[in-house]
Amino acid sequence: MADLVVKDLHVNVAGKEVLKGFNLTVKGGEVHAIMGPNGTGKTTLSMTLAGHPRYAVTQGEAFLGEKNLLEMEVDERAREGLFLAFQYPSEIPGVPVKNFLRQAYNSVKGTEMEVFEFYSIMQEKMQMMKMDMSFANRNLNEGFSGGEKKRHEILQMALLEPKIAILDETDSGLDIDALKVVADGVNSLRGPELGVLVITHYHRLLEYIEPDFVHVMMDGRIVRSGGPELALELEEKGYDWIRSEVSVGGEV
Amino acid sequence: MAKVNEEIEQKNAALDIVQDYKYGFSDPENYVYKSGKGLTREMVKQISEMKNEPGWMTDFRLKSYDIFASMPMPWWTKDLNELNFDDIHYYVRPTDKAVQSWDDVPDTVKQTFDKLGIPEAERNFLAGVTAQYESEVVYHNMRKDLEDLGVIFTDMDTAVREHPELVKKYFSTVIPPSDNKFAALNSAVWSGGSFIWVPKGVHVDIPLQAYFRINTKNAGQFERTLIIGDADSFVHYVEGCSAPKYSTDALHSAVVEIVCLPGSRVRYTTIQNWSPNVYNLVTKRAVAHENAVMEWIDGNIGSKLTMKYPAVILKGEGARAEITSIAFAGTDQHQDAGTKVFHLAPNTSSTIVSKSISKGGGKTTYRGWVKVADNAHGSKVNVKCDALMFDDGSVSDTIPFMEINENRVSIEHEATVSKVSEDMLFYLMSRGLSEEQATGLIVSGFIEPFSKELPMEYAVELNRLIELEMEGSVG
């Protein structure tokens, strides 16, 4: 178990400030949801925490347990227990899913597991995600449907057993059946060891993955935090409601 | 004085070896014979005499030398301007004869092949092995059962002595000395290489392999290979090669001729892994008769400059060519590779898949020439060239040339150039893979159409080589 602590994070993308003093703490066992309209910096947050080189931190800090995330390479962060389920996972032609998964597993776990031993673990997790075994022989993300891509992301999460998992709009492009499978997968991984950060536009996903905390993000920072009821309120009233409230308060 | 110079040269050679190329170690020279630098007509004669060759071969060599001396360098490249023919040792004889037991190979040479894993591979998955060190084959062996079926697999020098009728009938019929300057050079000074004859209907179900090793600084290696598949036969021949890494140049200029008689299938797999000081200028060509299949699986890693265009002449109706190649060019390397296919008969087909990778300012060129003659109706051509680049300084050129003189044919051509993207690397690294692992995985995926054609042991080795090439390459 390790807490994710983000303090006063400022991030530039292509010279423009997108995150403007972002604060958040996610503890092991907790599920946090970040909601907000397009262009408020939700994806910037997840890419920055995972270490994408195009996102430049200008101020603030981010810790995973005792480790300073911002001083670590992308792969070190993963080995330390940070996981990002991508909104748009890259396609890598010619690389079978099973080879990729085994390399990722061995890297993150620091082992050299034999092929067949690994396959039995992989198959167990694939059953959990209701995936056909032939999936493991396909090329990484190549020609995957939206649902297959997201299922595959959660499969990786199940295999790598991170301490903190960030799900970046995992619900986008999913029909209701796929959404249920993905949510069931995430729920089955919930436990005192895992902190989850769910990033989404819509309330829909939160009906299946129930958050402990909901945060609303606007213009590069969190403008309101609450319990699950905040998500419902947003669903009813829309983001304009918060926008008007926070502008009254002079924060936006 | 000459001897002292030689010793100094050897010491310098040892110092010149650079460590980052895996097969870059070298052995002390303890040779039966090593020619001085440069090439003369006299020396050609001398090589032939030392080999006790029949008169026809001596004449062939001398005629070839004259062609070599009078022929210009290939006009379409400037890359050969720095190659100095006077700075090469053309004939280096490490031992007196090829032996059939590794125990009889001199220790230093045997250790080298041990390090390269050849005896182990022979024990595990090969039907026969030829090991060439410098100019001569030092070890040769083949499974007894194949011998009993009439398969001939021997070094070329032995074939000239023991199978003169077969050699005379086919030698130089596919690639005459006048084909190009380097074919002429090879024809003049050739030494070693493999000779294979597979009788009618015989299928050699496991691969035969040759391994070529250059050890001396400034050495030239000019092996000559001739493979004949008689009607309805099959053979898979695999060659590998490497050399120590010196700061001065070495020259590898082979000629490979293949004759696929009606209904036969010959598969020729190459994994070249020359050190980055080697000029690799090789002429490879096959003739495929009725319904024969010729497959070139051609992997080019390393070397300073490779110029190699495995060719197939589809001479008989229904003949087929399949050419799958990869080229990997790193810093200061140029892989100028491609292929040539001539459709000279009806209903012939060719499939060409070329994959090239350049990084660290390396350059790859695909040079292709497909010709369909005016009677070759019903023929099919499918060409696919993909290039992958790692950085802005690297270069990839595709120069496909098609000469189609027949209307009733099907021609497909596809070419792509892509760059390894930041997002691909980020995705893989976010799963714990190091930058090297991530790029290695991207590359192994890119060349998958090639590596799936290899026997498993070679595919594994190829991936190891690629990983090695990728180390420290990005960032």
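Start with the second largest pocket, whose lining divides by class into 15 nonpolar, 4 polar and 6 charged residues. Keep in mind as you click around that this is a predicted model.

To find the spot, select B:Trp76, B:Asn180, B:Tyr309, B:Lys340 and B:Arg367: of the 25 lining residues, these lie nearest the centre of the second largest pocket. The space there comes to about 750 Å³. Now colour chain B by secondary structure. Helix H9 (181-189) and the strands E14 (278-288), E19 (334-343), E21 (363-372) and E23 (395-404) each give at least two residues to the lining of this second largest pocket. Strand E14(B) supplies the largest share, 5 residues.

Next, go to the largest pocket, with a volume of about 1100 Å³. Select A:Asn99, A:Arg102, A:Gln103, B:Ser444 and B:Asn463, which are the closest to its centre out of 29 lining residues. Show both chains here: helices H3 (97-109) and H4 (115-128) of chain A, along with H11 (435-446), H12 (448-451) and H13 (456-470) of chain B, each contribute at least two residues to the lining of the largest pocket. Which helix gives the largest share of that lining? H13(B) does, with 7 residues. Colour the lining of the largest pocket by class and you get 9 nonpolar, 12 polar and 8 charged residues.

Strands E18 (320-329), E19, E20 (349-358) and E21 of chain B each supply at least two residues of the lining of the largest cavity. By class, the lining of the largest cavity has 4 nonpolar, 7 polar and 1 charged.

Last stop: select B:Thr216, in the loop between strands E7 (208-213) and E8 (220-221) of chain B. Is B:Thr216 buried or exposed? B:Thr216 counts as buried because its relative accessibility is 1%, and the cut-off for buried is under 20%. Show side chains and look for B:Glu134: its side chain makes a polar contact with that of B:Thr216, at 2.5 Å. Leaving aside residues up to four places away in sequence, B:Thr216 also touches B:Glu29, B:Tyr31, B:Lys34, B:His89, B:Val92 and B:Tyr246.

Technical notes:
Residues are numbered from 1 along each chain as its sequence is written. Chains are lettered from A and ligands numbered from 1 in the order in which they are written. This is a predicted model: local features need pLDDT of at least 70, side-chain atom pairs count only at pLDDT 80 or more; totals for chains, interfaces and linings use all residues. Side-chain values use heavy atoms; hydrogens and water are left out. On a 1 Å grid over the protein atoms alone, a cavity is a set of points where a 1.4 Å probe fits but cannot get out, and a pocket is an open set with protein on both sides within 12 Å along at least five of seven lines; lining residues have an atom within 4 Å of a point. Grid points are joined across faces, edges and corners, and a volume is the space filled by probe spheres set on the points. Helices (H or I, at least four residues) and strands (E, at least two) are DSSP runs, numbered from the N terminus. Ala, Val, Leu, Ile, Met, Phe, Trp, Tyr, Cys and Pro count as nonpolar, Asp, Glu, Lys and Arg as charged, and the others, Gly among them, as polar. Buried means under 20% relative accessible area, exposed over 50%, partly exposed in between (1.4 Å probe, protein chains only). A polar contact is a pair of N or O atoms within 3.5 Å; within protein, one must be able to donate a hydrogen and the other to accept it, and residues adjacent in sequence count only if both atoms are side-chain atoms. Contact means heavy atoms within 4.5 Å.
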